[in-house]
Amino acid sequence: PYELAPPATRAEFEHVGLPFARGTEFTVSQGAFGPNTHDEPGLQYRWDFDVPYGTAVIAVQSGRVLSVFESGQPGGCDRSLNTSPNNVLIEHADGTVAQYTHVAARVRSGQDVSRGDEIAVTAKNGFICQAQLDFLVFRSRDTLFRSPRAEDVPVFFEGLPGGLARQGSAYVVP
């Protein structure tokens, strides 16, 4: 449904920039419909981008910071930490909401951000077995992660070949 989507369908995907600065190297360790943790109904269009801790995370679209969650809990490769990952939610003009997880925020709730602004750095918090950014875009603020109507949307990443982030592939942000 993602990588095999025909061009006409891909044109309808949410178009966003990449969540890292130019020159950042990253690997997609788990992509859309990934078998480990990206197979929950309504939450299939998620990406784990492997980057070192401390990597700058940038806004993929302009918008307003809807929330910043910082649990103060440590991170590690333990499922009991699954409810405590730090994250930043940014609502875009079209009503979609990007979620950036396993971060240390550099923004605050209510703050306006522009595409390309640094909003966080990657950090070790929540259930995390390797340094990475977990990223997804929700259809709206009514369909966020804990909502009974959770729904993320397919994403076309401007700057990637064909716009798709392919599981197992390594990239450098152009």
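Two strands pair if DSSP finds at least two bridges between them. Keep that in mind as you work through this predicted model.

**Exercise 1.** Find which strands pair with S11, and how they run.

*Solution.* 
- Step 1: Start with strand S4 (residues 56–58), which is joined to S11 by three bridges. At least two bridges are needed for pairing, so S4 and S11 pair, and they run antiparallel.
- Step 2: Look for a specific contact here: Ile-58 has Glu-118 as its bridge partner in S11.

**Exercise 2.** Decide whether S11 is mostly covered or mostly open.

*Solution.* 
- Step 1: Take the residues of S11, which are 118–122.
- Step 2: Apply the cut-off for buried, under 20% relative accessible area.
- Step 3: Four of the five residues in S11 are buried, and the strand is mostly covered.

**Exercise 3.** Locate the disulfide and describe what the link ties together.

*Solution.* 
- Step 1: The structure has one disulfide. Its partners are Cys-77 and Cys-129, with an S to S distance of 1.9 Å.
- Step 2: Check the handedness: the angle about the S-S bond is 75°, and the link is right-handed.
- Step 3: Cys-77 sits in the loop between strands S6 and S7, and Cys-129 in the loop between S12 and S13, so the pair ties together parts 52 residues apart in sequence.
- Step 4: Compare accessibility. Cys-77 is exposed at 55% relative accessible area, while Cys-129, at 48%, is partly exposed.

Terms used
Residues are numbered from 1 along each chain as its sequence is written. This is a predicted model: local features need pLDDT of at least 70, side-chain atom pairs count only at pLDDT 80 or more; totals for chains, interfaces and linings use all residues. Side-chain values use heavy atoms; hydrogens and water are left out. Buried means under 20% relative accessible area, exposed over 50%, partly exposed in between (1.4 Å probe, protein chains only). Helices (H or I, at least four residues) and strands (E, at least two) are DSSP runs, numbered from the N terminus. A disulfide is a pair of cysteine sulfur atoms within 2.5 Å.
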